[in-house]
Amino acid sequence: MTPEPQTVDLADTSVRDLNAALHALSPDTNMTAWRVLNPGGRHALAAGLLAPVTVEIMGHAGYYCAGMNQMATVVVHGNAGTGVAENMMSGRVEVRGDASQSAGASAHGGLLLIGGNAGARCGISLKGADIVVKGSVGHMSAFMAQAGTLVVLGDAGDSFGDSIYEAHLYVRGHVANLGTDCVEKPMRDANRAELFAKLAAAGLAGEVDVGAFRRYGSSRLLYQFHVDHAAAY
Amino acid sequence: MCGIVGLFAKTPSIEAELGAHLAAMLGTLAERGPDSAGFAVYAPADAATMKFTLRPPGGTDPEALLARLGIPDSSIQTRGSHAVLSVPAEHDARARAALAAQAPDTVVVGRGRAMELYKEVGLPADVARGFGLGDMRGTHGIGHTRMATESAVTTDGAHPFSTGPDQCLVHNGSLSNHNGLRRELQRVGYGFATDNDTEVAAVYLTARMRDGLSLGDALHGALRDLDGFYTFVVGTGTGFAVLRDPIACKPAVMAETAEFVAFGTEYRALAGLPGIDTARVWEPEPGRVYAWEHGPTA
């Protein structure tokens with residue numbers, strides 16, 4: 001039985017009060033379903049959650065929505081502004097519309113699923129989370145990405161994967177160009193299995209052909225300093 | 001920081017409330033720019049009238065100023081610290097000469113057949129209230145809330161900047177090659193009222209359009225010639241255009257319905273517009289020129 005959601009209307013409640021109520025939830029709370037009305041693009045909605053609850057935001061969100069998330073599921077029924085799920089540690093964040101720049105920045109864990117397009121710098125400095133974008137990502141996506149995966153069903157903009165460390169990048173569409181030290185790599189069985197697992201987690205198993213993706217990653221020339229490569233710095 | 005808003009009426013249905021919507025949008029973006037605010041509202045009077053938005057020195061009697069200028073069939077209407085002088089279009093040059101000669105300490109903030117332009121130091125909601133923006137009607141308008149970075153907090157340093165008839169520019173960002181570009185433009189005869197970087201961009205666009213380029217082509221030239229970060233919204237007599245720098249340093253959101261096209265630095269500024277819940281909302285791509293124009297009017 002789905003519990004009746006706790007409803008918070010931001011037309012008459014402050015973001016501070018909303019977040020304080022969410023922060024007060026213990027990990028074993030039975031108030032696991034929340035619905036936020038009239039978000040109006042406000043910033044920091046459902047940021048810093050620490051409990052396995054589901055928060056549905058019924059409209060467009062502003063900056064840093066679901067930032068620092070742990071355990072919670074946050075669904076944005078609209079677009080999200082800069083830095084959605086930045087520094088997420090675990091849990092799941094879904095944006096049904098588009099996400100602005102720096103989606104999933106520095107995220108350590110959990111899954112960020114973007115239904116539309118993501119802007120510039122998607123997955124910048126990614127540190128272990130999984131990001132799945134059904135549309136395309138903007139320029140400088142996966143910049144300095146250290147760990148985790150970025151799966152893009154559409155296209156990737158300029159300088160994809162610039163200065164990348166060990167994150168795994170999979171793109172089905174066209175990559176405008178690769179950033180410094182980012183190269184295409186062969187798809188091995190282990191990569192196909194990893195990609196399938198990420199697509200399955202995003203609810204896309206069977207809908208998307210794993211064989212249609214290409215893999216990109218680091219050629220490891222930049223971050224393993226070697227004097228012969230000094231000219232490339 | 002800084003905030004920019006723009007609203008373009010696709011149908012006459014929201015023209016009566018255009019000023020009220022713009023005022024609310026500016027008020028929302030006060031957090032991005034509490035130092036000063038300004039806006040341009042385009043309301044074509046008739047093709048035979050030229051409007052000068054003036055900022056006379058405090059204490060000026062507008063009727064005395066009007067008499068001093070001596071332009072036949074002209075009128076003046078005070079709005080806050082500004083006043084709009086309306087003259088028959090054939091007396092445009094005469095009015096400009098009279099303002100320079102008879103009222104040298106009166107600032108011509110903007111001039112055009114459609115545009116009225118107001119800007120002042122203070123919180124955006126106070127500035128909008130002071131000029132009665134909420135009561136203005138128009139076909140389109142743009143506005144700005146400023147958090148000063150490149151030059152002082154003064155009325156002259158507030159946006160929009162207007163450097164040509166019915167043209168004005170609002171800017172979020174800062175330019176790094178404005179001093180060099182200003183010198184180049186000065187060398188070919190353009191004058192500057194401030195040391196502000198945005199004024200350089202406005203003069204640049206005016207100069208390119210005077211060279212014969214369309215607004216779209218002038219903005220494409222800006223991508224090559226301006227260094228720094230910027231989101232621009234440019235107002236003209238017939239519409240407005242949007243350009244973000246190629247690396248999209250500054251945020252921007254657009255929304256479109258059957259009734260309007262709206263621009264905001266943040267979605268929050270658009271959240272109160274009628275029908276926004278079903279509007280198409282998107283982020284303009286970097287380095288791409290977006291333009292909306294009203295068709296020619298009779």
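## A strand pair and its sheet

In chain B, strand β9 and strand β10 (residues 167–175) pair in the antiparallel sense over two bridges. Strands here are DSSP runs of E with at least two residues, helices are runs of H or I with at least four, and both are numbered from the N terminus. Two strands pair if DSSP finds at least two bridges between them. B:G164 has B:Q167 as its bridge partner in β10(B). This is a predicted model, where local features need pLDDT of at least 70, side-chain atom pairs count only at pLDDT 80 or more, and totals for chains, interfaces and linings use all residues. Residues are numbered from 1 along each chain as its sequence is written, while chains are lettered from A and ligands numbered from 1 in the order in which they are written.

The pair belongs to an open sheet of five strands in chain B, with the order β9-β10-β11-β12-β16 and antiparallel pairing. Its edges are β9 (161–164) and β16 (290–293) of chain B, and each pairs on one side only. On average, neighbouring strands are turned by 20° against each other, direction ignored. Helix α7 (residues 215–225) of chain B packs on this sheet. Helix α7 touches β11 (228–235), β12 (239–244) and β16 of chain B, and its direction makes about 20° with that of β12(B). Such axes are lines fitted to C-alpha atoms, for helices over the stretch in contact, and angles run from 0 to 180 degrees between N-to-C directions.

B:V203 lies in helix α6 (residues 197–210) of chain B. B:V203 counts as buried because it has 23 C-beta neighbours inside 10 Å. The cut-offs, with C-beta atoms placed from the backbone, are 20 or more other C-beta atoms within 10 Å for buried, 12 or fewer for exposed, and partly exposed in between. Leaving aside neighbours within four places in sequence, B:V203 is in contact (C-beta atoms, placed from the backbone, within 7 Å) with B:T163, B:L185, B:Y190 and B:F192. The C-alpha atoms of B:V203 and B:Y190 are separated by 7.5 Å, and the two residues are 13 residues apart along the chain.

B:T198 is also found in helix α6 of chain B. B:T198 is buried, since 28 other C-beta atoms lie within 10 Å. With neighbours within four places in sequence left aside, the contacts of B:T198 are B:H159, B:F161, B:L169 and B:H171.

## The nonpolar cores

A nonpolar core is a set of buried Ala, Val, Leu, Ile, Met, Phe, Trp, Tyr and Cys residues joined through C-beta atoms within 7 Å. The largest one has 84 residues. Among those that touch the most other members are B:V5, B:L22 and B:A262. This core draws at least three residues from each of domain 1 and domain 2 of chain B. A second, separate core of 68 residues includes A:A103 and A:I131.

## Domains and chains

Chain B is divided into domain 1 (3–44 + 114–293) and domain 2 (50–113). These bounds come from an automatic or database domain assignment. Their centres, taken over C-alpha atoms, are 24 Å apart. The contact takes 18 residues from domain 1 of chain B and 13 residues from domain 2 of chain B. On the domain 1 side, strand β7 (residues 115–121) of chain B gives the largest share, six residues.

Chains A and B also touch: the contact takes 14 residues from chain A and 11 residues from chain B.

Technical notes. Contact = placed C-beta atoms within 7 Å.
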